[in-house]
Amino acid sequence: MNIEQARFNMIEQQIRPWNVLDKDVLDMLLVVKRENYFPEEQKSMAFFDTELPLPGGHKAMFPRVEARVMQEVLVKKQESVLLLGAASGYLAALLAHAGRHVTVLEADAGLKALAEKNLAADGVRNVTLLNVNGLTAEQSGRFDVIVVAGGLNQLPEQLQKQLNVGGRLLAFVGELPMMRALLITRISDTAFTSKEVFDTVLPLLPGATPASKFSF
């Protein structure tokens, strides 16, 4: 298998058609090697348009969704990032390549260890991983960018409060069969804007609060 040809095909056939056209993001996909975040038997599939299986019944994001996330939040070099959900560590690596430091909160100890191992092997040093459920544990600190790498029935207000002014929060909110990626921007201490940027479906993040339902 020609790895670089497969990477080129992924970008041209999956990612560009999904409206990922930012040059910095496309260049990043050439530099941060996705195959480094999967075991040997999955490396040839790392460029497929699929959600590769991870330990514990979890799944990695589609490559096109990872790329679109990066385009929507547009992390700058001096910015700090909070990521909820480690998966294989690849999205953390992309965010770390673009920003100053990434804090990853992962409820599954096995996934946390896997991501930590992959990031260390790939030479990524500006990521801190914590075995914490980011939706249920009390959190402090402010961030310039927050990414929720899993589905939510509703967006916790606490996450918005952790944004610095000018910060962006991207979360996938909704229920099957469709979720919407929401981009929240904090424009002042008390004001936020919200924009729906694309549709997709992700498994619910552990600790996601079910939407209210009424029966008669």
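**Close-up views of a predicted model**

**View 1. Glu66 is found in helix 3.** The model is predicted, with local features needing pLDDT of at least 70 and side-chain atom pairs counting only at pLDDT 80 or more, whereas totals for chains, interfaces and linings use all residues. Residues are numbered from 1 along each chain as its sequence is written, and side-chain values use heavy atoms, leaving out hydrogens and water. Helices are DSSP runs of H or I with at least four residues, numbered from the N terminus. Glu66 has a relative accessible area of 5% and is therefore buried (under 20% relative accessible area, 1.4 Å probe, protein chains only). Leaving aside residues up to four places away in sequence, Glu66 touches Arg34, Met61, Tyr90, Leu91 and Leu94 (contact means heavy atoms within 4.5 Å).

**View 2. Helix 1 (residues 3–15) and helix 2 (residues 23–31) have axes that come within 10 Å and cross at roughly 150°.** The axes are lines fitted to C-alpha atoms over the stretch in contact, and angles run from 0 to 180 degrees between N-to-C directions. Arg7, Ile11 and Ile15 of helix 1 meet Leu26, Leu29 and Leu30 of helix 2, a set of residues comprising five nonpolar, no polar and one charged (Leu and Ile count as nonpolar, Arg as charged).

**View 3. Ala6, Arg7, Met10, Ile11, Gln14 and Ile15 are buried in helix 1.** These residues lie on the same side of helix 1 because they cover an arc of only 135° around the axis, taken from the directions from the helix axis to the C-beta atoms. Helix 2 and helix 3 (63–73) are among what covers the buried residues of helix 1.

Conventions. Helices (H or I, at least four residues) and strands (E, at least two) are DSSP runs, numbered from the N terminus. Buried means under 20% relative accessible area, exposed over 50%, partly exposed in between (1.4 Å probe, protein chains only).
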